[in-house]
Amino acid sequence: MTRKHPEHPTRPRPSRRAVLGGAAATALATLAGAVGAGAAQAGGHRADRPTGFPLPDGWLPEGITIGAGPYAYMGSRANGAIYRTDLRTGQGRVLHEGAPGLASIGLKLDDRDGLLYVAGGAGGTARLVDARTGALRTTHRLTPATGHFINDVALLDDRAWFTDSRDAVLYGVPRGRRGTVRALPLSGDWEQLPDVNNANGIVSTPDGRDVIVVKSTPGELYRVNLHTGHATRIVLSGAADVVNGDGLVRVGRTLYVVQNRLNVVTVFHLDAGATTAALRRSITDPRFDVPATAARYRDRLYLVNARFTSPQTPETTFTAVGVPL
């Protein structure tokens, strides 16, 4: 007979049913947690990713682009430099040093060739920069050095299409380092206005055939045929205009329009032919400080604060912010 010691009291043994039931419950809980984590990862939701990060003082940002990887590239109006930030940590560094007299306005990353296509603003150029090393690969002269403003760019088929805010022309730059630049005059509904910014942000249409261009003044959207240059005004529903329209982002048939000085992103639903755009909602955030352009990564929209209404000095601070789509 086993003696019972008072310092080790006998504990009742659980039944076989209780043991099996507990194991099953634990397995179900573990499976549910794994499924939940997998679903969150598949949806791109990571609560620990930073929703804002600083840029160097005096950076004067305007353009931002993000490719397949978790890195944002942001251009400088001050000297054409390009800054790269890891969206997972918020840490960044200058990738491309730039030079006096240069500007990097809108830019797009081509994951296919690893190049950044950079709009040169008043300099009238399109520059191709290696996204890995920051080395300048090619410079295309699009316009004379005065009277023009190369503002934004979209990648479509074999060309990168650049807008000129001061002229009714789109410029098609060959993707890669070789080829001939194509000038495409705008016609149709397009009416160029003097002494204001006209064509600004640009994205491809949902069918991948043409482009959508926002006309900052007076705030209109156009579908442009890339074969003829014919521009058809897109009819807005639920909004009178998109005045101060700057960067554009399209996800399927959802079009995000950054209206910089209004500190808002208006969200439209495009019809199948991109002939009408119906307002669905607006995105605002107290951290917006004249956001210029935006880029999407997973479940967020990232924007750079250009701070056009603040002093543009070497000491001025600048940030980029992320908001839910």
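Modeller: Let's start with a strand pair: β10 and β11 (residues 159-164) are joined by 5 bridges and run antiparallel. Two strands pair if DSSP finds at least two bridges between them. The strands themselves are DSSP runs of E with at least two residues, numbered from the N terminus.

Colleague: Is this an experimental or a predicted model, and how are residues numbered?
Modeller: The model is predicted: local features need pLDDT of at least 70, side-chain atom pairs count only at pLDDT 80 or more, and totals for chains, interfaces and linings use all residues. Residues are numbered from 1 along each chain as its sequence is written, and side-chain values use heavy atoms, with hydrogens and water left out.

Colleague: Why is β10 described as largely enclosed?
Modeller: Because 6 of its 7 residues, in the stretch 150-156, are buried. Buried means under 20% relative accessible area, exposed means over 50%, and partly exposed is in between (1.4 Å probe, protein chains only).

Colleague: What sheet is β10 in?
Modeller: An open sheet of 4 strands, in the order β10-β11-β12-β13, with antiparallel pairing. Its edge strands are β10 and β13 (182-185), and each pairs on one side only. Neighbouring strands are turned by 25° against each other on average, direction ignored. That angle is between axes, which are lines fitted to C-alpha atoms.

Colleague: New topic. How many cavities of 30 Å³ or more are there?
Modeller: The structure holds 1. The largest cavity has a volume of about 40 Å³.

Colleague: What do you call a cavity, and what is a pocket?
Modeller: Both are found on a 1 Å grid over the protein atoms alone. A cavity is a set of points where a 1.4 Å probe fits but cannot get out. A pocket is an open set with protein on both sides within 12 Å along at least five of seven lines. Lining residues have an atom within 4 Å of a point.

Colleague: What lines the largest cavity?
Modeller: The lining includes G63, I64, K108, D152 and T293. By class, it has 4 nonpolar, 4 polar and 2 charged residues. Asp, Glu, Lys and Arg count as charged; Ala, Val, Leu, Ile, Met, Phe, Trp, Tyr, Cys and Pro as nonpolar; the others, Gly among them, as polar.

Colleague: And the largest pocket, what is its volume?
Modeller: About 490 Å³. It has 19 lining residues, and the closest to its centre are I66, K108, V203, V249 and R250. Strand β20 gives the most to this lining, with 4 residues. The lining divides into 12 nonpolar, 3 polar and 4 charged residues.

Colleague: What about the second largest pocket, which residues are closest to its centre?
Modeller: N197, N200, D246, N260 and F308, out of 14 in the lining. The volume is about 290 Å³. Its lining has 3 nonpolar, 7 polar and 4 charged residues.

Colleague: Last one. Is D195 buried or exposed?
Modeller: D195 is exposed, with a relative accessible area of 71%. It lies in the loop between β14 (187-188) and β15. D195 and R166 are 29 residues apart in sequence, and 7.6 Å apart in space, C-alpha to C-alpha.

Definitions and conventions
Grid points are joined across faces, edges and corners, and a volume is the space filled by probe spheres set on the points. Axes are lines fitted to C-alpha atoms, for helices over the stretch in contact, and angles run from 0 to 180 degrees between N-to-C directions.
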